[in-house]
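Good morning, and thank you for joining this meeting.

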Amino acid sequence: MMKVAGRVTAEVLDIMRENVRPGVSTGELDRLAEEHIRKNNGIPAFKNYKPAYNMKPFPGTICASINEEVVHGIPSFDRILQEGDIISVDVGAYVNGWCGDAACTYAVGAISPEKQKLLEVTEDALNRAIASALRGNTLGDIGHAVESYVKTFGYGVVRDYTGHGIGKKMHEAPQIPNYGNAGQGMTLKAGMTIAIEPMIMSGREDVRVGANGWTVSTVDGSDAAHFERSIVILDDGPEILTKWQSIR
Ligand code: MG
């Protein structure tokens, strides 16, 4: 069941990959995402999502976060992608009562080598984290895999937001930080389904929430990238549920 939800969710990102280009609005990307989810009898998981900490329900199907925006950017037909931008698209979908959650950061046209490096390192950090999600390892091993790798590039790790368990609800226990100590925290078991999602910035780690109550940006204006996959931990290793295409 979660493979079906994961497939629909990942397909949305592959549609984003084809449609991200200069001149496209984040509202149009949002429209394409919702269309695909509903066509597959799914329900956008983010739309009208209202966590306890936020008074306003989220209005979009995708989170569209550009450049220094880290996560939770609100899509809009007035927000037009420019050559050289990077855009993080996060999307979740319920299909038959089960949830998929995934994110990817895309280049808009030609981008700077610095931005390209941030994207590739963050995707690689996600892959390293997934490789560490083995039965018998711990949550700390996942966080350590992300943090220890991105630190070698001088990048920062978002600490206020984390990955999470996923199943019939989008956000289930446990939280899955992108930092931590190897061997510490909850032990991973076969059958667990989790969303791992490094949020990495090229500068300092401080973030703030914008006036719209949602958009999280870096305080120093440095670029941020966000890659996420839902996975299931099996006896013989992790299996990816949201198989979106790599940025490479
Ligand atoms: Mg997530």
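Does V91 count as buried or exposed? At 0% relative accessibility, V91 counts as buried; buried means under 20% relative accessible area, exposed over 50%, and partly exposed in between, with a 1.4 Å probe and protein chains only.

This is a predicted model, in which local features need pLDDT of at least 70, side-chain atom pairs count only at pLDDT 80 or more, and totals for chains, interfaces and linings use all residues. Residues are numbered from 1 along each chain as its sequence is written, and side-chain values use heavy atoms, with hydrogens and water left out.

V91 lies in strand 4, residues 86-95; strands (E, at least two residues) are DSSP runs numbered from the N terminus, as are helices (H or I, at least four). Between the C-alpha atoms of V91 and D101 there are 5.9 Å, although ten residues separate the two along the chain.

D101 brings us to the metal. The magnesium ion is coordinated by D101 (OD), H164 (NE2), E197 (OE) and E228 (OE), at 2.1 to 2.3 Å. Donors are N, O and S atoms within 2.8 Å of the metal (3.2 Å for Na, K and Ca); water is not among the atoms, so sites may look incomplete. E197 sits in the loop between strands 9 and 10, and E228 in the loop between strands 13 and 14, 31 residues apart. Both E197 and E228 are buried.

Finally, I196 has E228 among its contacts, and also L126 and I142, where contact means heavy atoms within 4.5 Å.

Conventions. Lists of a residue's contacts leave out its neighbours within four places in sequence.
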